[in-house]
Amino acid sequence: MVSVRKRKMARSSVKKNTRRRKDKQRDINIHSNPIIAKNWDKSLTLKQNYKRLGLRSKLGNIAGGVEQKVETLTEIRNKRRAKSELSSSSQSVSIEEIEETEDPSRIPIGEARIIRDPETNEVLRVIYGTMKVDGDDNDNVSDAAEETEEREGQGANSVIKELEEYAAKHAKVRKERHMSDRESEWAKALYEKYGDDYERMKWDKKLNVYQQSAGDLKRRITKWKKANNIQ
């Protein structure tokens, strides 16, 4: 049997605040810009969308942790396959082979051959190796991830170019605001009383009713002087 409280709640006009309604409130309005609306992916978060479009959701520095890039199973398999191929193709170089060659491309990176004078044992030359071995060529291991990032970067550049063209096309010329007659009379009264002494001007409680700062007063008086051709 349903309780009295349950029946009152059923008849109430106040809707229950469910999680689904909370999720609807999180919908981001992206219709203000048609280019962003066209390239927006609703399955991603705001930060992920901005990163995909080559934009930043926050202008300041990142305070917390950075979200790790999610790799697909195909990318992981490609990495493993590239690493195994690199391991099988790499050749181990013995110390005897390093001592018999002067070619840097046949000496592994991180090793070197020291050539000494046979009589004085003085070091004549040091040959540093340039040959990459297993574990040094990380670029070959992450080719799939780099190709994906390159494709995303090209798409982001095209979106940024569209945004720049849209902003240049719809930019409005900023109109300079002119002082009203009342404001002009107020600036004149301050200038005639204090001249360019803005520090004293800001403490005048009768003329500077709103207690504007010295910098603000200087900007307004300078504008008034320019409009009235006063040096």
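Two strands are taken to pair if DSSP finds at least two bridges between them. In this predicted model, strand 1 and strand 2 form a hairpin, with six residues between them. Within the turn, Asn121 has a positive phi of about 60°. Strand 1 covers residues 112–116 and strand 2 covers residues 123–128. The two strands run antiparallel and are joined by five bridges. Ile115 stands opposite Arg125 of strand 2.

In a regular strand the side chains alternate between the two faces of the sheet.

The chain as a whole contains 11 helices and two strands. From the N terminus on, the order of the elements is α-α-α-α-α-α-β-β-α-α-α-α-α. Of the 231 residues in the chain, 19% are buried. The accessible surface comes to about 19,600 Å², and carbon and sulfur atoms account for 49% of that area. Of the contacts between residues at least 6 apart in sequence, 40% join residues at least 24 apart.

Lys225 lies in helix 11, which spans residues 214–227. Lys225 counts as buried because its relative accessible area is 12%, with the cut-off set at under 20%. When residues up to four places away in sequence are not counted, Lys225 touches Tyr191, Asp196, Ile230 and Gln231. Ser184 is 41 residues from Lys225 along the chain, and the C-alpha atoms of these two residues are separated by 9.6 Å.

Notes. Residues are numbered from 1 along each chain as its sequence is written. This is a predicted model: local features need pLDDT of at least 70, side-chain atom pairs count only at pLDDT 80 or more; totals for chains, interfaces and linings use all residues. Side-chain values use heavy atoms; hydrogens and water are left out. Buried means under 20% relative accessible area, exposed over 50%, partly exposed in between (1.4 Å probe, protein chains only). Helices (H or I, at least four residues) and strands (E, at least two) are DSSP runs, numbered from the N terminus. Contact means heavy atoms within 4.5 Å. Accessible areas come from the Shrake-Rupley method with a 1.4 Å probe; for residues, only the protein chains shown count as cover.
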